[in-house]
Amino acid sequence: MKIEIDSNSGFCFGVVNAIEKAEIELEHSDTLYCLGDIVHNASEVERLRKKGLETITHSDLEHLKNARVLLRAHGEPPATYSTAERNNITVVDATCPVVLQLQRRIKQAYDSHKEMVKEGKLEIMPLILIYGKEGHAEVNGLVGQTDGEAVVIQSADDLESIDLSRDILLYSQTTKSLDGFRHLVEEIKKKKCSGNFEYFDTICRQVANRLTKLKEFARSHDAIIFVSGAKSSNGKVLFEECHKINPNSYLVRDMEDLDTDKLKDKQSVGICGATSTPRWLMTEIAEKIADEFRK
């Protein structure tokens, strides 16, 4: 059996950066707090927990004092930084540069338009739409740049309940589908009959470009083992696309989910994963499959 690990799968730059920062901090300290799971992969979270990385919630942060807290790649709203300053917390900021740039862009647009309304140059604020997953950590951070005024839209179906008569500024969560964003743009154009409509493709190309390569990889093997944590939005999207190309695609979280019986008659097996899937986990699964079929 030929077993291949997809060279394009695994941590994106933002996640690599966050994990490296955590490991550097833990070399000099027994405990480092992380606001939310550092990555949507339980196996990697557990590996870092054993090194001293303790995951906390926003509620925990309110009561934490005089500590060091890592902000993961997803980014945080301004309120989180205010809480940290108030509680004498040292922030280790691992916000992905792509996300950070988007946060600044949205905040600048919001602040400038708010000032124009104040000066009487505009009658009403434009509607700021963010194409993304409601409640996702990155999206919460983006909405926070607008004092909570931005509206999150998950699909074109959501347009039915939104007033599109005023000016619109549309942005996207960095990990959303390019096709989905383009479809949303076209639907807004069809429905909008007044006001200006500006849209900004803010999708990370390192993530977006994986889809084309993943489809090629899925097509080149008899079966696919897709490794992804249950919380990964990116993993769910990529697996669905993978399964469309290759029906013999199986989603596993870790070694315990692996069912090698499904691979018995396969000559070629590909191992791939989400942007939150650690390389070491894909390697372990590949080795497990190889050991099983050496017997």
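1. Let's start with a term: buried means under 20% relative accessible area, exposed means over 50%, and partly exposed is in between (1.4 Å probe, protein chains only). By that rule Y171, with a relative accessible area of 2%, is buried.

2. A quick word on what you're looking at: this is a predicted model, and local features need pLDDT of at least 70, while side-chain atom pairs count only at pLDDT 80 or more. Residues are numbered from 1 along each chain, and side-chain values use heavy atoms, without hydrogens and water.

3. Now the rings. The whole structure holds 4 aromatic pairs (rings of Phe, Tyr and Trp, the last by its six-membered ring, with centres within 6.5 Å; planes under 30 degrees apart are stacked, over 60 edge-to-face, the rest tilted). One of them joins Y131 and F181, a tilted pair at 6.4 Å centre to centre with 40° between the planes. Y131 sits in strand β6 and F181 in helix α7, 50 residues apart, so the pair links distant parts of the chain (helices are DSSP runs of H or I, at least four residues, and strands are runs of E, at least two).

4. Y171 belongs to strand β8, whereas F200 lies in the loop between β9 and α8, 29 residues apart. F200 counts as buried, at 17% relative accessibility.
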